[in-house]
Amino acid sequence: FTARHVLVKPENPRELWILLHGFSQSGDFFFHKLKSILPADVAVLAPHGPFPNVEGKPPYKVGYAWYFYEMKRDEYYIDMKVAESYIAALVEKLDLGHLPKRVIGYSQGGYFAPFAALKLSNVLQVVGLSCQFLEPELPALMPFRLDGLHGSADEVVAGAMAQVLHKRLVDKGNKGAFEFVDGTGHGLSKEMLMSLERVVTPGIL
């Protein structure tokens with residue numbers, strides 16, 4: 001079993017944070033974007049998605065994906081099941097399964113985050129950045145807090161629908177909050193990172 005990933009494991013970590021990057025990005029990319037807000041006493045795992053995605057002309061840009069979905073046809077070419085098993089197996093292989101966990105996903109990684117979390121034990125919180133939670137595909141009740149952060153000027157993922165889908169999950173009895181980050185588009189702005197840092201503080205649980 002091999003998987004490309006970034007792993008930071010301090011001595012006696014209090015939690016494990018799993019970082020799930022966006023479509024055609026990488027674990028390295030997402031880790032470095034969030035590095036400034038990652039606590040020193042937390043283990044951090046930022047894997048590459050299991051599916052390479054090649055873009056452009058030579059020299060190619062190679063990124064990674066968690067699944068492949070065709071919006072016009074409303075169908076998966078490759079669904080999330082492979083990536084779900086991939087994350088669960090990686091966590092066990094690295095001997096991190098015993099730790100309390102938070103799963104933080106951006107864009108495609110945010111869509112995928114609750115599905116990955118459902119395959120893991122002792123997950124405290126899932127945070128989705130610039131994504132929509134796929135409420136119709138998720139169980140009615142989930143054993144973790146579910147928070148959403150969305151740029152108020154996101155030009156890629158519709159924030160209004162992201163808010164509606166999150167509210168439906170809360171109305172079913174799930175814990176969590178949704179908020180818009182002012183002046184932020186689809187990117188990982190300084191304001192988005194500041195909001196994320198606040199949302200993942202242990203006190204909110």
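In which loop is the place of Ser24? Ser24 sits in the loop between S2 and helix H1 (27–34), where helices (H or I, at least four residues) and strands (E, at least two) are DSSP runs numbered from the N terminus. The model is a predicted one, in which local features need pLDDT of at least 70 and side-chain atom pairs count only at pLDDT 80 or more, while totals for chains, interfaces and linings use all residues. Residues are numbered from 1 along each chain as its sequence is written, and side-chain values use heavy atoms, with hydrogens and water left out.

The protein as a whole contains five helices and eleven strands. Its radius of gyration, taken over C-alpha atoms, is 16 Å, close to the 17 Å that the globule rule gives for 205 residues, so the protein is as compact as a globular protein of that length; the rule itself is 2.2 Å times the number of residues to the power 0.38. Along the principal axes, the C-alpha atoms fill a box of roughly 45 × 45 × 30 Å. Of the 205 residues, 52% count as buried, where buried means under 20% relative accessible area, exposed over 50%, and partly exposed in between (1.4 Å probe, protein chains only). Among contacts (heavy atoms within 4.5 Å) between residues at least 6 apart in sequence, 65% join residues at least 24 apart.

The interior can be approached through its nonpolar cores, each a set of buried Ala, Val, Leu, Ile, Met, Phe, Trp, Tyr and Cys residues joined through side-chain atoms within 4.5 Å. In soluble globular proteins, nonpolar side chains tend to be buried together. The largest core here has 36 residues, and those with the most contacts inside it are Leu20, Val103, Phe112 and Val126. The elements that give two or more residues to this core are S2, S3, H2, H3 and strand S9 (123–129). Apart from it lies another core, of 23 residues, among them Phe30, Ile37, Ile104 and Leu196. Returning to Val126, and not counting residues up to four places away in sequence, one finds that Val126 touches Val103, Ala113, Pro114, Ala117, Phe133, Phe144, Arg145, Leu146 and Asp147.

Helix H2 (residues 81–93) has 13 residues and reaches 18 Å from its first C-alpha to its last, close to the 18 Å expected at 1.5 Å a residue, the expected span being 1.5 Å times one less than the number of residues. Its buried residues are Ala83, Glu84, Tyr86, Ile87, Ala88, Leu90 and Val91. These buried residues pack against strand S1 (5–8), strand S2 (15–20), strand S3 (42–47), strand S8 (101–106) and helix H3 (108–117). H2 is followed by Asp95, whose phi is positive, near 60°. Helix H3, in turn, is mostly covered, with ten of its ten residues buried, and what covers them includes S2, strand S5 (61–65), H2, S8, S9 and strand S10 (145–151).

Aromatic rings give another view of the packing. Rings of Phe, Tyr and Trp (its six-membered ring) pair if their centres lie within 6.5 Å, with planes under 30 degrees apart counted as stacked, over 60 as edge-to-face and the rest as tilted. A search of the whole structure finds four aromatic pairs. The rings of Phe178 and Phe180 have their centres 5.1 Å apart and their planes at 85°, so this pair is edge-to-face. Phe178 counts as buried at 18% relative accessibility, whereas Phe180, at 34%, counts as partly exposed. Elsewhere, ring pairs link Trp66, Tyr86 and Phe112 into a cluster.

Most residues other than glycine have a negative phi, and most peptide bonds are trans. Ser24, with which this account began, has a positive phi near 65° and counts as buried at 6% relative accessibility. Asn12, in the loop between S1 and S2, likewise has a positive phi, of about 55°, but Asn12 is exposed, with a relative accessible area of 69%. Ser121 lies in the loop between H3 and S9 and is partly exposed, with a relative accessible area of 43%. Leaving aside neighbours within four places in sequence, Ser121 is in contact with Gly97, Leu99 and Lys101, and its C-alpha atom is separated by 8.0 Å from that of Pro100, 21 residues apart along the chain.
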